[in-house]
Amino acid sequence: MGFGVFIHRSDSIYDDSPAERYQFPPQYLGRVEACVGDWIVYYEPRKIAETRGYFAIARVERVVPDPTAPGMYLALIEPGSYLDFVHPVPFSDADGVIELGVLNEEGRISGRAQAAVRALSPDDFDRIIRLGLDDSEPLLPRVDDDAPVAGFHEEQAPFLFEQNRERVSSLSSRIVRDRVFRRVVLRAYDERCAISGLKLINGGGRAEVAAAHIRPVEANGPDIVSNGLALSGTAHWMFDRGLISLSDDLEILISRQANDPDGVRAFINRSGRAIAPRKAFERPHPHFLQWHRQHCFKQ
């Protein structure tokens with residue numbers, strides 16, 4: 001097992017669904033198999049407009065031949081392990097590259113940086129997730145880089161190892177994941193309810209909308225922004241109970257079982273369609289919307 005980096009483009013020609021599977025050619029089989037059972041970081045190349053850089057993590061469950069594409073393979077993602085970063089991490093900052101493993105012995109960027117799949121050192125993995133999940137309110141345990149060193153420097157290694165292990169184990173925490181998912185979804189929707197269009201902020205400066213999963217966690221719904229909607233309390237209640245749903249083109253569907261359909265129509269925004277994020281990859285994915293219509297919506 002080992003950490004890795006998987007390159008993924010939002011306009012990828014491969015049959016990728018980052019929260020579920022990653023398609024790749026045979027030359028990367030060994031590198032992907034080395035990541036089975038461990039965490040990988042998704043990275044979008046710098047040449048992509050509005051690149052997200054390092055933008056998410058997931059854990060590889062297993063590798064199988066792609067049944068629909070001879071000669072190709074699929075890395076299947078462990079259900080519930082995918083998590084978008086609160087802050088996408090750039091390839092480099094004022095101090096240099098974030099992933100030190102792409103540097104050669106002369107300290108220059110090597111050809112490894114172009115590899116679609118590459119190994120990632122524990123230190124680089126820790127640095128990336130610490131930046132990606134950082135916020136004014138800490139989401140995960142941190143290593144205090146400015147803490148005074150007591151005794152020999154080598155004695156700090158076990159402490160850092162324990163901190164890193166705690167951080168990795170925290171990636172599965174439902175509390176951590178819910179907090180991260182809320183921030184990512186609300187930012188995508190500008191803290192505005194996708195159904196009503198209202199943007200209400202309470203006296204404490206907190207948005208009066210929740211981050212709702214389209215396909216719920218209990219049904220293996222992933223913590224990916226395209227499986228999320230920003231919904232006010234009333235909209236959330238109706239959506240979870242199947243009184244409203246969305247078509248693939250985001251038309252708001254009203255159940256025949258709604259006891260006050262005229263009231264529901266007055267509640268939704270005038271366009272009759274859900275308000276969507278600006279970026280295409282953040283918009284509700286038809287795969288998750290179809291699940292909601294089939295399993296929740298009371299037609």
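Predicted model: local features only at pLDDT ≥ 70, side-chain atom pairs only at ≥ 80, totals over all residues.
User: Is aspartate 38 buried or exposed, and which side chain of opposite charge is nearest?

Analyst: Aspartate 38 is buried, yet has no salt bridge. A salt bridge would need a nitrogen and a carboxyl oxygen within 4 Å, whereas the nearest side chain of opposite charge, arginine 59, is 6.4 Å away. Beyond its neighbours within four places in sequence, aspartate 38 is in contact with Met1, Gly2, Phe3, Ala58, Arg59 and Val60.

User: How do I read a pair of aromatic rings?

Analyst: Look at two things: the distance of the centres and the angle of the planes. Searching the whole structure gives nine aromatic pairs. In one of them, phenylalanine 3 and phenylalanine 125 have ring centres 4.0 Å apart and planes at 5°, so this pair is stacked. Phenylalanine 3 belongs to the segment before β1 (4–7) and phenylalanine 125 to helix α2 (residues 122–132), so the pair links parts of the chain 122 residues apart. Both phenylalanine 3 and phenylalanine 125 are buried.

User: Which arrangement do the rings of tyrosine 22 and tyrosine 42 have, and why?

Analyst: That pair is tilted, because the centres are 6.2 Å apart and the planes are at 50°. Ring pairs also link Phe6, Tyr22, Tyr42, Phe55 and Tyr82 into a cluster.

User: Which residues have the most contacts inside the largest nonpolar core?

Analyst: Phe6 and Tyr42 do, in a core of 76 residues. Helix α4 (residues 174–188) gives the most to this core, with seven residues.

Terms used
Residues numbered from 1 in each chain as written. Heavy atoms only, no water. Core = buried A, V, L, I, M, F, W, Y, C linked by side-chain atoms within 4.5 Å. Buried < 20%, exposed > 50% of the residue type's maximum accessible area, 1.4 Å probe, protein only. Helix = DSSP H or I, 4+ residues; strand = E, 2+ residues; numbered from the N terminus. Lys, Arg positive; Asp, Glu negative; His and termini not counted. Contact = heavy atoms within 4.5 Å. Phe/Tyr/Trp six-rings, centres within 6.5 Å; stacked < 30°, edge-to-face > 60°.
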